[in-house]
Amino acid sequence: MEKLEYEVGDIVRLKKQHPCGSSEWEILRVGVDFRLKCTGCGHQIMIARKLVEKNTKEIRKKA
C-alpha cells in the first residue's frame, strides 16, 4: 500500500461515521497526532496519526 500524504486543509473520508452522520473530516493539524474538524457539525478531535492512516478511505486535496 502506498504512503498517503496528508496536508492541512485536505478533506479525509474515514471508515466510520461521526454521530452527526458525516464521515468527512478537514485536517487542521498534522504531526504525530492530527486535529480533525467534522465537516458536518464542526466538532474537533485530536486523533493519533496511526488511527487516521488505518481508517482513511479517501483524501480530497485542498483546491
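This is a predicted model: local features need pLDDT of at least 70, side-chain atom pairs count only at pLDDT 80 or more; totals for chains, interfaces and linings use all residues.
Buried here means under 20% relative accessible area, with exposed over 50% and partly exposed in between (1.4 Å probe, protein chains only).

View 1. Residues are numbered from 1 along each chain as its sequence is written, and side-chain values use heavy atoms, leaving out hydrogens and water. Of the 63 residues in the chain, 27% count as buried.

**View 2. The order of the elements.** Reading from the N terminus, you get β-β-β-β-α-β, which comes to 1 helix and 5 strands. Helices (H or I, at least four residues) and strands (E, at least two) are DSSP runs, numbered from the N terminus.

**View 3. The largest pocket.** Its volume is about 160 Å³, that is, the space filled by probe spheres set on grid points joined across faces, edges and corners. A pocket is an open set of points on a 1 Å grid over the protein atoms alone, where a 1.4 Å probe fits, with protein on both sides within 12 Å along at least five of seven lines; lining residues have an atom within 4 Å of a point.

**View 4. Who lines the largest pocket?** Among the lining residues are Trp 25, Ile 45, Ile 47, Leu 51 and Asn 55. Strand S4 (44–48) and helix H1 (49–55) are the elements giving two or more residues to this lining, and H1 gives the most, with 3 residues.
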